[in-house]
Every structure is written in structure tokens, then in C-alpha cells.
Amino acid sequence: MGDPNLTNLWRRAFVLVAFDLDAVVPANISTAFNSDWDDVGILVKGGPAGNTSFGQDTDFYGRNGEFLDSLIDDRTDTLDFACHEDNEITQALRGVEAGVAYATGPVKVKLALETRNLDKKRRKISAGHALIFPNGATTAAENEVESFGFQARLVPDSGTLNADGAPAVWIEQRTNDASS
């Protein structure tokens, strides 16, 4: 039997970025983000959507057809989000400087997603860094609130490995963690 107390309906979401890749990650969910971190602004309704995809995967079988193991390469975690605000942060993420949009590559940042509902809170903070790409989902139509779409591609922290040698992608914090 499932436990409805273990489900979440997140009513508020915030995306924060730090252009300083050495920005301090809050020690736990009770610790606020410091001034290195900037809120990207009002998010489009529906909030950020995460995705994990895998590139090449190879299955290995024994002579009698029994499955032995699987090798998965090139894991890619992404976070898609869109903002309504045309502020300094969203302009920097789009390559806009002093009113001129440049054909720049992705912007390298530390990335955090914070979701809240009443007294519950959860954070996902990039363990390594993220590459932010404008994803072309910009709207500027009549009778619509303008928005700017982005995709963040997470680059794992190869210095933090689990027992199997997989690098850390996200640091997760939540209100029910013993560390909070």
C-alpha cells in the first residue's frame, strides 16, 4: 500500500544561479543561499521540468543468452525552465550585454532548484556546474506575458563519486533530512 504522506505537490518553485562556480552551497535546507546566488525571477506557470537521458547503452549476455550486465555511457541530466522577467540575470543567460545580444555559447553556472509547499521545502543544487542554453522558447505575442525559455545541462562533479564510480549530479536537501 502506498503512503500519501510521501507525495508532494509543489506550489512554488524558484531557480537560482551563481555565476561564481565556487559559490558556497548552503549546508542544509535551513541555511539560506548567500549573495553569490541570484533568483532568475518569476517562472512560467507549470514550473521547471527535469529530464534524465542516457546516450549509449550496451547490454552484455552470456553464451546461453543470460543477461550479465549493462553499460550506460553519457548520462545527461537537464532542467528546462522559462522566466517571465527580462532582468539582468535572464539577459546574462541569453548573452545580452548592454542591450546587444551576442551569439555566445552556453553560460556556465552553479544551478539550484528550490520547490516549496507550506512547511515542506526541497532543493536540488548542481554538484558540478550547469551549462545554460536559451532554448528558443521565447514568447512575445500579443495578449501573452513575455517569457524566455532555457535548458540547463548538468555537468557532474567528477571529484565526488559513489561506490560504483558514478559522479555526483545533484546535491539534494529537503525538510525531512536529518541534516536540516
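I count two strands as paired if DSSP finds at least two bridges between them. I kept that in mind from the start, and I also noted that this is a predicted model.

I then turned to strand 9 and its pairing with strand 10. Six bridges join them, and they too run antiparallel. Here Leu 113 stands opposite Lys 124 in strand 10. A reminder to myself while reading along these strands: side chains in a regular strand alternate between the two faces of the sheet.

Which residue takes a positive phi in the hairpin of strand 9 and strand 10? I found Leu 118, with a phi near 50 degrees, in a hairpin that has two residues between the strands. Is Leu 118 buried or exposed? I put it down as exposed because its relative accessibility is 84%, and the cut-off for that word is over 50%.

**Entry: Ala 98**

I came across another positive phi in a residue other than glycine: Ala 98, near 50 degrees. I placed Ala 98 in the loop between strand 7 (96-97) and strand 8 (100-101). With a relative accessible area of 85%, Ala 98 is exposed.

How many of the five residues of strand 13 (residues 157-161) are buried? I got zero, so I wrote strand 13 down as lying largely in the open.

Its partner is strand 14 (residues 167-168), running antiparallel and joined to strand 13 by two bridges. I noted Asp 157 opposite Ala 168 in strand 14. The two strands make a hairpin with five residues between them, and in the turn Gly 165 has a positive phi of about 85 degrees.

Leaving out residues up to four places away in sequence, I listed its contacts as Val 15, Val 40, Leu 43, Pro 48, Ile 132, Phe 148, Gly 149, Phe 150 and Ala 152.

**Entry: rings and charges**

I found two aromatic pairs in the structure. I also looked for charges over rings. Arg 94 lies over the face of Phe 148, 4.0 Å from the ring centre. Arg 153 has its charged end over the ring of Phe 133, at 4.1 Å from the centre.

**Entry: two threonines**

Where does Thr 90 lie? I located it in helix 1 (residues 88-93). Thr 90 is buried because its relative accessibility is 0%, and buried asks for under 20%. Beyond its neighbours within four places in sequence, I saw Thr 90 in contact with Val 40, Cys 83, Glu 85 and Phe 150.

Thr 138 sits in the loop between strand 11 (129-134) and strand 12 (148-155). I marked Thr 138 as partly exposed because its relative accessibility is 43%, which falls between the 20% and 50% cut-offs. Not counting residues up to four places away in sequence, Thr 138 touches Ser 147, Phe 148 and Gly 149. I also checked Thr 138 against His 84: they are 54 residues apart in sequence, with 9.5 Å from C-alpha to C-alpha.

**Entry: the whole chain**

I ended with the totals. The protein chain has one helix and 15 strands. Of its 180 residues, 31% are buried. I also checked how far contacts reach along the sequence: of those between residues at least 6 apart, 62% join residues at least 24 apart. The chain exposes about 11300 Å², and I noted that carbon and sulfur atoms supply 49% of that area.

Key
Residues are numbered from 1 along each chain as its sequence is written. This is a predicted model: local features need pLDDT of at least 70, side-chain atom pairs count only at pLDDT 80 or more; totals for chains, interfaces and linings use all residues. Side-chain values use heavy atoms; hydrogens and water are left out. Helices (H or I, at least four residues) and strands (E, at least two) are DSSP runs, numbered from the N terminus. Buried means under 20% relative accessible area, exposed over 50%, partly exposed in between (1.4 Å probe, protein chains only). Contact means heavy atoms within 4.5 Å. Accessible areas come from the Shrake-Rupley method with a 1.4 Å probe; for residues, only the protein chains shown count as cover. Rings of Phe, Tyr and Trp (its six-membered ring) pair if their centres lie within 6.5 Å; planes under 30 degrees apart count as stacked, over 60 as edge-to-face and the rest as tilted. A charge sits over a ring if NZ of Lys or CZ of Arg is within 6 Å of the ring centre and within 35 degrees of the ring normal.
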